[in-house]
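Hi,

Here's the model I promised to pass on.

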Amino acid sequence: MDINNIRNFCIIAHIDHGKSTLADRLLLMTGTVSQREFKDQMLDTMDIERERGITVKASAVMMNYHHEGKDYMLNLIDTPGHVDFHYEVSRSMTACEGAILVVDATQGVEAQTLANAYMAIDCNLEIIPVINKVDLPAAQPQVVAEEIEHTLGINKNQCFYISAKSGKGVDELLDAIVTLMPPPKQDDDPHIKALIFDSHFDDYRGVICYIRVMSGTLQHGQKIKMMGAGRSYQISELGKFTPSMKKIDSLGPGEVGYVIANIRTLSDVTIGDTITLFADPAETPLHGYKKPQQMVFSDFYPGNNTDYNHLRTAFEKLALNDASFSFFPQNSPALGFGFRCGFLGMLHMEIIQERLERENDIEVVQTAPTVTYEILTTDNETVRVDSPSQLPEPTKIEELREPIVKLEIITPKDSIGGIMQLAEQRRCVLLKTDYISITRVMMEFRAPLAEIVYDFYDQLKGISRGYATMDYELIGFEAADLVRIEILINKEPVDALSLIVHRSNAEARGRKLLLKLRKAIPRHQFEIPLQAAIGGKIIARESIKAFRKDVTAKLYGGDVTRKMKVLKKQKEGKKRMKNIGSVQIPQKAFMSILDTSD
Amino acid sequence: MVNKNLPKSVYIHIPFCKTKCAYCGFYSKSPQEFDVGKLLDAEITELKKSSFQKPVNTLYIGGGSPASIGAQMLCDFLSEIVKLTGNAEEFTVEINPADANENLLTNLKSLGVNRISIGVQSFAQKELDFLGRRYSVEKIDQIINSAKQAGFENISIDLIFAIPGSILRTWRQNLKKTIETGVTHISAYSLTYEKNTPLEKTKSAGQIKTVSKELDRKMYETAIEILGGAGFEHYEISNFAKPGFQCRHNLTYWKNDFYIGIGPAAASYIPDWRTENISDIDKYIECIPLETHRSSIPSNSKNLSSLTGCIENDKNPISERIKISPVEKASQAAVLGLRLIKGINLTDYKQKTGFDIFELFKDSIEKNLKLNLLQLKNGYLSLTKIALPIADSVLCDFAQPD
């Protein structure tokens, strides 16, 4: 295909603004899928994506489109909808020349509308603003068009008004894709260069790489090399998504498709890597490749009906399809065997947890998330830790830095007061307030990531009655007056319970945790002191009184069998508990402490 | 020839009581509703068919209230029993103060009964009423005096503490009164809310305010202190005795020795097996006339259900039969033995069970020694003083090997 007749684009939108509906509509109107297949395809998408209205994994579909006597190849590259997947989104966008920015006519510009649009601008994409759901009674297309102009500097006259659901205005949009978006740039480099912008694992075929050819032509059977990973493979299949996988012999410049090359594990493939020819490699890879950075960590432990191996298998399966998720075995004396998992962000974490439970029928208990901290040691070294227990001795810490994000919240103006209050509690600093319309405001904060990873979003939704949206972007690490609270149960420090908090909150947090512990730990044969300490100094204390009476009064000949049964149960119950020194704590109780500590 | 595996203790259950006390979890029925004679005949048949050492060391007649069937009937029955068991060294009959008089006690004495266990429960009328006991405090005094008159030296009484509404002062008075009576043995129990009793149901319904665990413990500790001060040796978690008056029959249980139980709901422990008779007087009687040989339990049988109850062809009164493995035996020996204040004689334990207790329960023993809940003294492993009120939390560690 003539490179000038190719258009590669993505659709970007805030959650629920109609991205998937528009994608489906485009497939239908270009005849890529028939009305009958349409339903099947809808069912194919993952439960979580459907329910949350977000697209977790990128995918690419080729559509044929006839316009003014010419045949065009339109490649729709799907992008993850949340900026947790910032890197994946940026790779997907790198494979495109244009982006359709969808904004709901009844909702207006939202936090993720902006975050996605900024990224598209960064990637030099031609943006076509589209106002969707214009046929709804509550639609305010003009107001929304003004918000777009105000927030993104895109002239409101450029907006398209459509209903993805009914198809209204989508014909014009299809024409605009061809006429307004540029074709892929000709690259004169004779070497083959193809960008891997996504991958997934197929149980039968191994890893399937989604690629965009930047220069040269990939042929079936060629030996290829991944420039970043340094590995080489033989292409066993080339193809395109129509949307089903269709084999072809070659993929030319500007085209989008897939490569199968007997790659066994997803970790062998890195998104953003460059494929070149093994025999005649390109000199330099495509730029922009980096390893995704995990900023949020949480421990997962097998729940009631799940065992450790079962959980590990499930994690392995998830990691196959999600290179930005990582897990490491973790053995805590308090909590037993589990895994420490790293995520790009909060949403990513929630998605993994839901997938675990749904796709694998696994019950997990998840600890409160923590973030990565940066430490300047007294030896002038910079190290990062993602767990309070990894912190070096206080005397070896010159400076403790926490991750700081730029937090954007878009909210109806009547929630400003409540949000300011929440922000203050969470050590957020207001940078600016900007009215994007008469009724809605964009607030920008500098916020410690640790303060927003847990529970912040829920509170924000509560304060704004569901209307506020937020997004954040890491902007760096900043020194803060952080301390590690150590929790001691019966004078034994419990690593898994230690936490890093701002000094101003330390005492309150410590006290709160101890109260929870006191409720969760059953009485023992002895009194159990509970303490919270910072660097050996006790900042809060509680105690669990010894139980007073536990003895069978009568045990004679007829009671032996029954009593033995009862005592066996009692012993088994003890065994299921975790030992901290001589204190036995039901795992469930432990989890409830961690799970709800805020 | 003496067979060391033959049970030397016999318990005979008389499952009758004129009225059922609210807290009682034992199997007992009103004697008026049944053909008591028929049951007693069946029990004698069961005893005849059972294997035990003759004469037995201990014979214990319990209930219910044995005397509730009438003095004459009881005495006739006991004389038949004694013919079968021989003269026991310790021959106990349980007595409900409501059902006894001096005449009965004299008759019992002449039959060879040498120990009387009186279900006093309390010397406070209010508490007696709460428990549903149908006698007065005066009646208790009378019975104890009658027993002495009849020549009984070994008199035991049961006391219950932590009765709702009870305060420490009442309990102290109960203890003081008990000591004054001159009895030689005391069983002091914290009120237990047995499942399926009217008392437990009232409690579950939230209609009674139970005594706090604090007070319960305090009462228990008070008993140990006051009774100890009066020359009663605390020899088992709930039992106290003047020197030489420990209950030998009950020691059989705690030392994990063999015994047989006769009558509905009675339990037996014979080599490798623990069995329990059916808790139904009519069904029990039905099962008895046919051949029953305790010694003929097939020890290799895997299908326990075919051994159970009289529903099958093989008629016998047993409703539950549990094979006791060597490890299970060792666990039971540990749990029961630790109820004795003196504890477990380590040499005896190894001899009887074949196991070294320190191997079987290594972690549990180490842990509890460290917590000062167990102690090792002169070849005995025992609960410490602080472990007594919370004994189950320690004993459960021995319910099965680590």
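**Around Phe161(B)**

Phe161(B) is in contact (C-beta atoms, placed from the backbone, within 7 Å) with Ser166(B), Trp171(B), Ala188(B), Ser190(B), Met219(B) and Ala223(B), if you leave aside its neighbours within four places in sequence. Before going on: this is a predicted model, where local features need pLDDT of at least 70, side-chain atom pairs count only at pLDDT 80 or more, and totals for chains, interfaces and linings use all residues. Residues are numbered from 1 along each chain as its sequence is written, with chains lettered from A and ligands numbered from 1 in the order in which they are written.

Phe161(B) sits in strand β5 (residues 154-161) of chain B; strands are DSSP runs of E, at least two residues, and helices runs of H or I, at least four, numbered from the N terminus. Phe161(B) counts as buried because it has 26 C-beta neighbours inside 10 Å (the cut-off is 20 or more other C-beta atoms within 10 Å, with C-beta atoms placed from the backbone). Its C-alpha atom is 8.1 Å from that of Gln121(B), 40 residues away along the chain.

**Between the chains**

Finally, 36 residues of chain B are in contact with 23 residues of chain A.

Cheers

Key. Buried ≥ 20, exposed ≤ 12 C-beta atoms within 10 Å, placed from the backbone. Contact = placed C-beta atoms within 7 Å.
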